[in-house]
Every structure is written in structure tokens, then in C-alpha cells.
Amino acid sequence: MLQDSIVRSEANATDRGEPIIRLDHIRRDFDTRGGHITAVDDVSFDLFPGDILCLVGESGSGKTTVARMAAGMLKPTRGHVFFEGKDIYEMNKEEFGNYRRAVQIVHQDPYASLNPIHTIGDMLRAPLLKHKICKSRAEATKRAGELLEMVDCRPVENFIDKYPHQLSGGQRQRISIARAMTLNPRVIIADESVSMVDVSIRVSLLNTMLKLRNELGVTFLFITHDLAVVKYFAWEGNIGVMYVGKVIEYGRTPGIIGRGFHPYTRALAAAIPEADPDLTRSKEKLQLRSLDIPKLTELPDGCVFHPRCPYWIQGLCDTTKPPLMRMPDGRLVACHAVQQAVERGDDPRDLAVTDQLANQIMRE
Amino acid sequence: MSSATASVGNTQNQRITPPPAWRRFVSRNKLGTFGIIVLAAILILSFIGPFFLPDKNPTTVSKIYCSPSWENPLGCDNRGRDIWYQIVNGGKKLILVSAAAALISTFIAITLGALAALLGGWFDTVILICTEVVLTVPNIILLGVLAAFVTLNSPILMVMILAATGWPTLLRAVRAQVLSLKEREFVEAARMLDLGLPRILFREVLPNMASYILINFVFAMTGAIYGQVVLYFLGLVSLSGDNWGLMVNEAYRQGAAFSPDGVLYLISPIVMIVLLMWSLTLVARALEDVFNPRLREA
């Protein structure tokens, strides 16, 4: 409940009207062969028009599950997904249709997301004709050309009659974006959309997506494991850092990447490679107690991060789940150690390393 | 400089001009082309051949198990009837009935299998139970029981009975394929674009398994041929008319296998059935090329 009011108050503080998508304490359980797991637990956030929200985290942190629930492809076990203030599972057919068309996904794998048997033109024309955005095939072809230009696939003639296998990974991913744009969506959920693309192509692909956001006002929910990409793409937006199904830190991008409070965020930021060796040397190094992500089937008690956390407080972190608490600068952090530092009036990044780890470092 | 670029452009244009589609098909699919020729030959023989033969194939006592000659290219059978005449006349009904049965059972399998996979839930459960029930009952016995209840004298009934037993295996295969295909990201993308179930089924999912369906159609057809032969063999169908299946049965029962003179009587229909099935398989494999754009290019 506390958490609820915090998320809401931040929403009101920014005063940008109604969120397009609001996730309200969503949770998703799966029954796998290994046992019952909670892939996403109690995640809430608002997505405002024109926003960029990045979800970052390791594999298995539940980013994609959140994305699929936001897209209406997966039903939350608990909690609600609101689109323009309406619960998507209480919508009538027409409202749900509007929602479905307003939110599009760009998938991770450009080799699996395009049907190998259709030409690029077929792929782009189908939704245009089906939803009567274009009246004739010729008109749809023209519109498909415009969409291809929009995603920088020029000249259009080199693309429109091609099959996916004739294009490179980066080109396919552009096609994937163009296809998502056919229905003039308001939200694009980019699920690791650049992670399978060659590094040299990545920036230009990100620029294409930024162009869509700046020129067409498309809202982005961007999912990635790569903080360097977030730094480039979402400097003006928000980040939610996820760890085994929970959001552990949430706030403006510069604050989180530059000065993360949660130990996990700091460890992630420390892992961004820098081209400048001096910068790399001067960077904070954070030693984790363990590199293993806990199994989703047997999550640790208390804070899920405590077995890896260099700052864990014995008797507190391993027994009590830390709630998401508002920090003085407005961000939300779920960490007992940070919370205590703030209460003492210390710098939340100035935490005491656990004795055990200190001994270990001494020995080395 | 400009002339140089122009000439480069020209040579590229010349290289890009592709040979006609059929030439590419032939050069890429030598076996497939051979299959098409054999299949065409069998079809012409069976459907047009009978017009060039006399109406009757008389029994001639003096010609029992006679050797091949100009008059009897494949010799004669145990009753002195021309074998070539029976071969030419014996394919039409067999091919038509098995093709029709395969068409119907493939249609049932695809529609119900794909729907079961896409819709899931109780529909999937009911379809699966039906499939398992039909699969559990041995085909031959089911055929036999059905044939015992229904007098099998019309080809349409025969088609129905063969189709009724032919669909379960393919249905399970189609269902499994669709289950895997529907998890693909391009299907999810189509769902996100709200393209509708029919478009997703017939334009996104099924074309990806067209070659698979074709091959299974051929299997269904061979299955129907076997089924017919079994029915003839068990005497559950009226033993009249010329038919390759019937010929095998007759030759076997009349002991042609044990008589050196009867070899052609037994071998000829078997060769025809084998050629038919083999050519069908080759054609199905070659058609895979046509459906796969990755292979379609030169």
C-alpha cells in the first residue's frame, strides 16, 4: 500500500495527465517442470505519452514477462493492466481492439519475427488492408514505401519485394519496426530489440527508434540487459532495474546510471565498458559476494539480492523483504542498507561492506 | 568514369536475368522431374489408356500363363486373360479413390489439427480424445468392421471409410507443428497486429508447413492404397472389375508366386503400385522447393 502511494505520488508530481499504460501490482506465476516460479512479483509503473521507460536486468529477471503482460499477450496472475485508465481484461471487444492496435511489440530475434514465406511488401500491406487504413493494394504499397523510408530502408525498391532471408539482421529489425508502425501505434514495446544486432548497426537502429519517438511521439517501453544502450537511448527517460522478478530501483536515467543507490544497480553500472582506459580505471568497482543469480524455484528469504550483496545486514536483509522506498531525490529503491544510510543522513552510496567480504578482500 | 559504371550496371543486369522458372526447377530437381514424368505417364496410362483398348478382356484357355508377345505385352494370367489390359484398366479407380480419401482425411486433419492447436482448451482436449480413440482401434479391424456393416459397392462409400481411418496420425502431426509455429515471434507479431484467426492460420502458419502437408498427403494416399488392397485381400469388397490391388490378391491366391510362368501376373501390379507411390514421393519432395522461398531462388 505504501508502495502504491509512492508510485502514484510520483505520477502526480510530473503532472502529465493520464498514463497510456499503467501496470498495477502485477504478478505472474508459471508452473514449470522445475517447480512453481514467480517470474514477476508486484511490479507497478506508469507509462506516460512520449515517455521512454527502460527495464533492465539480467536474463530471468522478468523483463520480457512484464513486457508481454503490458502488451496483453500474457495475463497477469494477480494485478491489473490499464490502458488509458481501463483494465484491459474488462474491456469490450472494440476497446480491446483499439488497445491491441495501439500497442505493438518489436521482438528480439529478427530471424524469427518475420515470416519467411512473405515478402516485405506483403508483410506491411496485410495490416494496412485488414484494418482499412489503406483502401487499395496500390495505396497500401505506397504507404508501405513510406514506412520503409521512415525506418531508413532506402531505396524502397530494394526492400519491398525481398524475402526476409535476403536481408541482413539489422535490415530485418528495421522491417520489424516498420511493421509495428503500420497501425500508427502509440506505444512500442521493444523487447531486447537491438541485442541481436551487430554492434555497428545498433546505434543507427536506436537513432531510428529515437526519431520515431521525437517526430511521431511514440511512447517506448524498452527492454534490455545492456546499460550502455539505455544510456544512449533513454537519457531523458526512466529506468526500472529488475532483479529476479522485482523492481529494485526506479527513477530518472542519469541518476540511476551515474549514481545508482541499490548495490545491484551499482554493480550493473560498473559493468558498462568505457572506451577510455583512464575512465575505466577510475570507475567504481563493486565486488559482489557471489556471481550466481538465485534459482527462481528457490528464492532466498528476505531481500532476494542479499546472497550477492556486499552490504547486506545480517538479521535484517536475510529475513525481511525490503519495500520500494522513496529517496530524497525522488527515486524509488528497495534496499535496507540504503534506507538506513538515508535515515542516518549519510550518502546512500556510502555503505559499510559486510565483515565477511572485508575479510575475504583482506585475504586476497 | 560514367561509361565504366554504366557497363558494370549492364553486366549485372545480364547476370540478374534469370532462366525460365521451369528450367531452374529441372536443373535443381532432376529426381523430382523424373518423378513428375513417371507420375504423368501412370496418369495418362490409367485415365486415357482405357479408351484405346477393346471393351472386353476375353478368357482364353489356350493362353493360360502365356509368355509376353506382341498381342499380350505382359503375357496372360491364370485364366488366360491379357495382363497389360488389366494393368491399363486397373489404375483409374484405385488412384481416384485413394486421392479422394487422402484429400478428405488431409482436410479433416489440417482443419481440426490446426484449430485444436490454435484454440486449445476444451476443443483441443475433445479433438485429442477422438484422435486417440480412432488411433487405438487397429485400422484394419476398423476397416473390416465398417465394411461388414456397410455393403462396399460404391466408390464413394469406399472413399468415406478410407478417409475415416486415415486422418488421426496427420492430425496429431499438424497439431504438433502448429503448436510449435504459433509460438514463433512472427505469429505473435501477427496477433499483435490483430490480423484475425483466418489470416494467421491460412497465411502465416499453414504455408510454413505446406511441403510437410504435401508429403503427408502422399502418405495418406499410399495409406489409402494399402487400405484398399487390404479390403480386397480380405474379400470385404465385391471382387469385380480390374484393379491393381485386386490383381495382387488374385495372383497371390492363385499361387502365381509359386509358378515361374505367373511371375509377371504378380509383379506387374506391384511394380505399378510401387512406381505410383515412388513418383508421388519424388513429386512431393520436389514441390517443397516451390513452397520454400529460400530454396526457390536460383
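## A tour from strand β3 of chain A

Select Cys54(A): its bridge partner in β8(A) is Phe222(A). Strands here are DSSP runs of E with at least two residues, helices are runs of H or I with at least four, and both are numbered from the N terminus. The model is predicted: local features need pLDDT of at least 70, side-chain atom pairs count only at pLDDT 80 or more, and totals for chains, interfaces and linings use all residues. Residues are numbered from 1 along each chain as its sequence is written, while chains are lettered from A and ligands numbered from 1 in the order in which they are written.

Stay on Cys54(A) and show β9(A), where its bridge partner is Ile239(A). Now widen the selection to β3(A), residues 52-56. This strand pairs in the parallel sense with β8(A), residues 219-224, over five bridges; two strands pair if DSSP finds at least two bridges between them. Four bridges join β3(A) to β9(A), residues 238-243, also parallel.

Show the side chains of β3(A). Ile52(A), Cys54(A) and Val56(A) point one way, Leu53(A) and Leu55(A) the other, and all are buried. A residue is buried if 20 or more other C-beta atoms, placed from the backbone, lie within 10 Å of its own.

Next, select the open sheet of four strands in chain A, ordered β2-β1-β4-β5 with antiparallel pairing. β2(A), 35-47, and β5(A), 86-87, stand at the edges with a single partner strand each, so one side of each has no neighbour in the sheet. Helix α2(A), residues 63-70, packs on the sheet and touches β1, β2 and β4 (78-83) of chain A; contact means C-beta atoms, placed from the backbone, within 7 Å. The direction of α2(A) makes about 120 degrees with that of β1(A); axes are lines fitted to C-alpha atoms, for helices over the stretch in contact, and angles run from 0 to 180 degrees between N-to-C directions.

Within the sheet, β1(A), residues 21-32, pairs with β2(A) over nine antiparallel bridges. Pick Ile26(A) to find Val43(A) of β2(A) opposite.

Now show both chains: 23 residues of chain A are in contact with 16 residues of chain B. On the chain A side, the elements giving two or more residues are α3 (93-102), β6 (103-106) and α4 (120-130).

Finally, select chain B. Its domain assignment, automatic or from a database, gives domain 1 (24-85) and domain 2 (91-240). The centres of these two domains of chain B, over C-alpha atoms, are 31 Å apart.

Methods
Two residues are in contact if their C-beta atoms, placed from the backbone, lie within 7 Å. A residue is buried if 20 or more other C-beta atoms lie within 10 Å of its own, exposed if 12 or fewer, and partly exposed in between; C-beta atoms are placed from the backbone.
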